Amino acid sequence: MQKKTFRAGLTALALVASASPVAVLAADAPVTEAQLAEHIKVLASDAFEGRAPGTEGEDRTIAYIVGEWAKAGLEAVPGSATPWLQPVPLIESQSTGSSAKFKVRGRDFALADDGIILTGREPSVSLAGVSAVFVGYGVDGAGKVNADVTGKLAIMLFDNAPFGDKLPRYRERRQMLADAGAAGVLVIATDALPWEQLREAVGEKSTRLANAKAGPQISGFLSAEAADALLAGAGQDGAALREAAKSKDYLGLALPVTADLAATSTIRAYDSHNVIAKLPGAKPDGKAVLFLGHWDHLGICRPDDATDRICNGAVDNASGIAVLIETAKRLATGPRADRDIYFLATTAEEKGLLGAHYFADHPALPLADITVALNVDTIAISPRGTPVATIGRGQPAYDAVVRDVATKLGRKLDDDGEADAFIQRQDGWALGAKGVTSLMVGGSFSDMPLLEVFLGSDYHQASDNFSDQIPLGGAAEDADLHVALGRAFADTKRWPGK
């Protein structure tokens with residue numbers, strides 16, 4: 001089906017659905033496991049081909065979400081150029097080849113080919129004779145680039161130690177080094193970034209926002225062994241340098257190393273889409289509640305000869321979209337809340353929170369008007385009765401609302417802070433970086449043993465399919481929790497609208 005025909009049909013579907021009468025309920029009916037299962041079965045079916053951005057699976061996903069939200073009584077955002085949809089321009093690249101030659105003190109230094117991975121930002125890029133500098137984590141304790149990297153090859157550590165969540169993730173630090181003038185950035189892999197997985201991924205496609213800042217001309221990874229060998233050739237001890245880099249005042253170290261690097265890639269530009277809907281408030285006061293969750297997954301992710309080629313993403317994140325759909329139905333058909341409530345289904349979360357970042361840079365409503373953003377992701381993990389954890393907690397007024405709402409629903413609170421480790425790995429992070437209070441509330445990130453089982457098995461695998469084994473009891477409870485949170489934060493008397 002051609003794109004223009006699809007978009008026109010989608011608009012017609014939305015208009016017909018939104019004109020349908022909606023029954024008004026006296027109170028919010030509990031969300032059932034069967035209702036969530038119905039949505040997950042559809043979104044995670046093979047017909048949707050894993051919901052990869054820029055595919056027919058995206059078209060089917062968008063049509064389903066818009067259809068469900070329109071039937072519930074939600075509206076397209078007034079004045080939007082493409083009703084229901086926010087185009088997100090993306091650039092996809094795939095490495096087709098690379099080479100790397102090093103010299104130490106002017107002499108050739110052999111580095112095993114299987115110890116380095118390179119990718120280029122453009123179809124063909126080469127760097128000749130660039131000087132190398134070891135930059136530790138790339139930033140100091142104040143979060144500023146810690147060395148002169150202009151025109152140089154920066155060699156950076158991957159993990160966040162010793163600064164924890166206060167240190168940007170490696171992608172952000174790599175961009176900071178590029179912004180500071182680094183011609184290339186090599187990241188030293190660790191156990192948290194398994195080398196074999198990286199090597200397998202070298203031929204895979206990567207995606208960035210079309211309007212993203214220009215990254216380094218060449219970027220890549222060094223295995224821990226290759227990095228130590230290169231540093232040893234330069235007269236340095238890798239372990240000692242890693243230890244020194246833990247200082248918040250570490251200023252990097254210029255190495256007697258130069259490199260000739262080259263990389264070729266194929267490049268494709270295309271548009272994916274965020275889906276945006278609005279539930280007008282009964283007494284709007286200029287503040288709004290935003291619910292969000294990503295609709296995308298990995299698509300066709302296995303070779304032609306694989307038994308199962310599709311990563312369907314039932315838990316991650318068809319379950320979250322199912323919760324958003326049922327939450328929208330309750331809020332639209334029950335007593336109308338005071339404030340406007342928006343619903344956002346983002347694209348390309350799996351590619352680096354790209355849809356959320358684009359929305360944060362091009363919001364459908366002023367970011368200052370969003371009194372809270374509630375992100376729903378990977379929610380079908382825990383059984384009923386699991387305590388409620390909050391990613392993004394630490395603001396007393398918001399924490400108090402979450403505690404009050406959860407307690408009234410008979411839920412206990414999990415305050416051990418384990419969920420904080422995921423704060424940069426979910427769409428709310430993109431909005432939080434712009435000053436929007438963003439929370440991720442529920443049971444899935446409370447029961448760490450259960451979550452770790454999922455992360456170590458079906459996560460991002462073709463086995464993340466719908467089955468009766470997926471625990472939807474906790475997801476149903478969390479859906480009820482989100483309905484209640486939406487009502488609380490959209491109540492002008494109960495919540496001042498910070």
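## Backbone features

Asn-317 has its place in helix H8, where helices (H or I, at least four residues) and strands (E, at least two) are DSSP runs numbered from the N terminus. A cis peptide bond, with omega at about 5 degrees, joins Asp-316 and Asn-317. This is a predicted model, in which local features need pLDDT of at least 70 and side-chain atom pairs count only at pLDDT 80 or more, while totals for chains, interfaces and linings use all residues. Residues are numbered from 1 along each chain as its sequence is written, and side-chain values use heavy atoms, with hydrogens and water left out.

Helix H8, which covers residues 314–333, also holds Ile-325. This isoleucine is buried, its relative accessible area being 0%; here buried means under 20% relative accessible area, exposed means over 50%, and partly exposed is in between (1.4 Å probe, protein chains only). Although Ile-325 and Ile-65 are 260 residues apart along the chain, their C-alpha atoms are separated by 7.5 Å.

Positive phi values in residues other than glycine can be seen at Arg-51, where phi is near 55 degrees, and at Leu-353, where phi is about 60 degrees. Arg-51 belongs to the loop between helix H2 (33–43) and helix H3 (56–72), and with a relative accessible area of 1% it is buried. Leu-353 is placed in the loop between strand E13 (340–346) and helix H9 (354–361), and it too counts as buried, at 7% relative accessibility.

Phe-158 is found in the loop between strand E5 (153–157) and helix H4 (170–179), and its relative accessibility of 13% makes it count as buried.

How many salt bridges does the structure hold? There are 24 salt bridges, a salt bridge being a side-chain nitrogen of Lys or Arg within 4 Å of a carboxyl oxygen of Asp or Glu. The table sets out three of these pairs.

| Salt bridge | Closest N and O atoms |
|---|---|
| Arg-242 and Asp-228 | 2.9 Å |
| Asp-420 and Arg-393 | 3.7 Å |
| Arg-411 and Glu-477 | 3.8 Å |

Arg-242 forms a salt bridge with Asp-228, and because Arg-242 lies in helix H7 (residues 238–244) and Asp-228 in helix H6 (residues 224–233), the pair ties together parts that are 14 residues apart in sequence. Arg-242 is partly exposed at 30% relative accessibility, and Asp-228 is partly exposed at 28%.

Asp-420 forms a salt bridge with Arg-393. Asp-420 lies in the loop between helix H10 (396–408) and helix H11 (428–432), and Arg-393 in the loop between strand E15 (389–391) and H10, so this pair ties together parts that are 27 residues apart in sequence. The relative accessible area is 26% for Asp-420, which is partly exposed, and 33% for Arg-393, which is partly exposed.

Arg-411 forms a salt bridge with Glu-477, and this pair links distant parts of the chain, 66 residues apart, with Arg-411 in the loop between H10 and H11 and Glu-477 in helix H13 (residues 473–489). Arg-411 is buried, with a relative accessible area of 8%, and Glu-477 is buried, with a relative accessible area of 18%.

A network of salt bridges links Glu-68, Lys-71, Glu-326, Lys-329 and Arg-330.

Which residues form a negative surface patch? The patch is made up of Asp-113, Asp-114, Glu-196, Glu-200 and Glu-204. Patches are made of residues with over 30% relative accessible area and no salt bridge, with like charges joined within 9 Å and nonpolar side chains (Val, Leu, Ile, Met, Phe, Trp, Tyr) within 5 Å. Lys and Arg count as positive and Asp and Glu as negative, whereas His and the chain ends are not counted, and the place of a charge is taken as NZ of Lys, CZ of Arg, CG of Asp or CD of Glu. Accessible areas come from the Shrake-Rupley method with a 1.4 Å probe, and for residues only the protein chains shown count as cover. Asp-114 sits in the loop between strand E2 (107–109) and strand E3 (116–120), and its relative accessible area of 47% makes it partly exposed.

## Overall build

The protein chain has 13 helices and 16 strands. Its radius of gyration is 24 Å, close to the 23 Å that the globule rule gives for 498 residues, so the chain is as compact as a globular protein of that length; the radius is taken over C-alpha atoms, and the rule is 2.2 Å times the number of residues to the power 0.38. Taken along the principal axes, the C-alpha atoms fill a box of roughly 80 × 50 × 45 Å. Of the 498 residues in the protein chain, 51% are buried.
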